[in-house]
Amino acid sequence: SSSNVQDILVTIENVTVARLTSKRLCTNKHLQLGLRVSKRGLELVADSYTDISYCTKAELEQQLAVLSTAMDDSIDTFLGGLPVIPVSATPVTAFYNGCMDVTINDLMVDLDNAVSKHNDILAHSCPVVS
């Protein structure tokens, strides 16, 4: 990927199941991002992107089974980056900086209800993006 290309990844455990690629995601404009997921499929939608790609059907089926089993317990969902973990453990090398409205299965994600939120995240305003 060139330095002008930015990605949003959807991962289940350590497997990337969907990747949204854009030339410029971290801007002062709101990105509308939606994720629809069920036991049978996953769809990532956005109002601005260059490409959306998915893993193979077999990989997706396997990871959706993992997710379905995990949903019986409490799961962690991360937006914009991952908590402090070794760089070698993740394909993520940068954090999101911009405005993003996220829906999961058509329900708006409300960051005010987050169990934990980094101090740099503002739930109802946008950061200054250079």
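Predicted model: local features only at pLDDT ≥ 70, side-chain atom pairs only at ≥ 80, totals over all residues.
I will start with strand β3, residues 30–37. A hairpin of four residues links β3 to β4. Strand β4 covers residues 42–46, and the two run antiparallel, held by five bridges.

Strand β3 also pairs with β6, residues 99–104. That pairing is parallel and has six bridges.

Which residue in β6 stands opposite L35? That is I104. In β4, the bridge partner of L35 is L44. One general point on strands: in a regular strand, side chains alternate between the two faces of the sheet.

Next, the helix. Helix α1 runs over residues 57–70, and Q63 lies in it. Is Q63 buried or exposed? The relative accessible area of Q63 is 6%. The cut-off for buried is under 20%, so Q63 counts as buried. What does Q63 touch, leaving aside neighbours within four places in sequence? The contacts are I12, E13, V15 and V17.

Last, a loop residue. K23 sits in the loop between β2, residues 15–22, and β3. Its relative accessible area is 61%. Exposed means over 50%, so K23 is exposed. How far apart in space are K23 and D7? From C-alpha to C-alpha, K23 and D7 are 8.7 Å apart, with a separation of 16 residues in sequence.

That is the end of my part.

How values were computed:
Residues numbered from 1 in each chain as written. Heavy atoms only, no water. Pairing = 2+ DSSP bridges. Buried < 20%, exposed > 50% of the residue type's maximum accessible area, 1.4 Å probe, protein only. Contact = heavy atoms within 4.5 Å.
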